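The exercises below are meant to be worked through with the sequence and the structure side by side. Please try each task before reading its solution.

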Amino acid sequence: MQEESKEKPGAESRRTSDRPQNLRRGVKRVWPFALGIAAAFLGVLLYGLLFPPPAPLGQDQVDESIIQAMASATAPPPYSAQVYQAILPSLVLIKTQGENHEEEDGVGVGSGVVINESSDILTAYHVVADASEIEVIFSDGTKAGAEIIAAQPENDIAVLHPSQPAEVTVPAILGNPNAMRIGDETFAVGNPLGLTGSLSAGVISGFDRTLPLNDDGDRLEGLIQFDAAVNPGNSGGPLLNRDGQVVGIVTALANPAQQDFFTGIGFAVPISTAVSAAGGPDI
């Protein structure tokens, strides 16, 4: 005898009615997600319309951009090049004849710098001391004899007046040595070992230095110490700041081993002392 199904009334209706409700809940979950995707797509589209990408550069524009980038990356020229160009027209080669000179054939070589419109030359006194003849050669090639018109041996400073001025006279610009500090850049320009128009660079190493001047106990005082290379032939040449202004006149190099070549320490008479020691000419 078969048993009759005793399912409760309404059970089937509950099972069949659950599916549409679950479907409706799934649709409700998907709908915000779809709206988000659509909104994002619309945002990208609007951004592209409002902010279009830049047009690609042509080859000429690319080349120009590269040139500008390279130019901006190029370092400025060093101060030494500017200093050299500033002082070169004022630089003087000094040659002397005298039996007291130790150079070959009795010819001495030194340096000087033009200080006024008359082509007068400031130099170290020991360059021209006891010389029987003095010849000066200006940067424009003009050659002339010269005579000492002012001197102060105790400061190793002399002023020469040429028999013929330079064709193009360019007096040097004088600076303020009191504005210099230890560590500041400095440049020595002259004719070391006869190598005309040579420049060396270094820094200020000290101030108010003292050196023996002779065997009588005389001394040079108040000197500027620097480490730019100087050799015989630099004496009398200008010591410069990085603006190309003369702040001293090279007078000596340290010589503890009694050698006549660069030892790493040079000395210069401050230009303020040199000018006052020169006395005679209007500079």
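Predicted model: local features only at pLDDT ≥ 70, side-chain atom pairs only at ≥ 80, totals over all residues.

**Exercise 1. The protein as a whole**

Solution. Turning from area to residues, 35% of the 283 residues in the protein are buried. The secondary structure consists of five helices and 12 strands. As for how the chain folds back on itself, among contacts between residues at least 6 apart in sequence, 61% join residues at least 24 apart.

**Exercise 2. The barrel and valine 114**

In what order do the strands of the closed barrel run, and is valine 114 buried or exposed?

Solution. Begin with the barrel, which is closed, has six strands in the order S1-S2-S3-S6-S5-S4 and shows antiparallel pairing. Neighbouring strands of this sheet are turned against each other by 40 degrees on average, with direction ignored. Valine 114 lies in strand S2, and it stands opposite isoleucine 121 in S3.

Valine 114 has a relative accessible area of 2%, and because this is under the 20% cut-off, the residue counts as buried. Leaving aside neighbours within four places in sequence, the residues in contact with valine 114 include Ser90, Val92, Phe138 and Val170. Finally, valine 114 and proline 238 are 124 residues apart in sequence, while their C-alpha atoms are 9.9 Å apart in space.

**Exercise 3. The largest nonpolar core**

Which members of the largest nonpolar core touch the most other members, and which element supplies the largest share?

Solution. This core has 24 residues, of which Val113, Leu122, Val246 and Ile249 touch the most other members. Several elements supply at least two residues each, among them helix H3 (79-87), strand S6 (157-162), strand S11 (246-253) and helix H5 (271-278). The largest share, three residues, comes from H5.

A second, separate core has 15 residues, including Ile121, Val136, Ala146 and Ala158.

**Exercise 4. Strand S12 and its partners**

How many bridges join S9 to S12, and how many of the residues of S12 are buried?

Solution. Three bridges join S9 to S12, and the two strands run antiparallel. S11 also pairs with S12 in the antiparallel sense, over five bridges. Phenylalanine 267 in S12 is the bridge partner of glutamine 225, and phenylalanine 267 also stands opposite alanine 252. As for cover, five of the five residues of S12 are buried.

**Exercise 5. Serine 200**

Why does serine 200 count as buried, and which backbone oxygen does its side chain reach?

Solution. Locate serine 200 in strand S8 (residues 198-212). Its relative accessibility is 14%, which is under 20%, and therefore serine 200 counts as buried. The side chain of serine 200 reaches the backbone oxygen of alanine 229 at 2.6 Å. Apart from neighbours within four places in sequence, serine 200 is in contact with Thr186, Phe187, Ala188, Ala228 and Ala229.

Methods:
Residues numbered from 1 in each chain as written. Heavy atoms only, no water. Core = buried A, V, L, I, M, F, W, Y, C linked by side-chain atoms within 4.5 Å. Buried < 20%, exposed > 50% of the residue type's maximum accessible area, 1.4 Å probe, protein only. Helix = DSSP H or I, 4+ residues; strand = E, 2+ residues; numbered from the N terminus. Polar contact = N/O pair within 3.5 Å; in protein donor to acceptor, adjacent residues only side chain to side chain. Contact = heavy atoms within 4.5 Å. Pairing = 2+ DSSP bridges. Axes fitted to C-alpha atoms, helices over the stretch in contact; angles between N-to-C directions.
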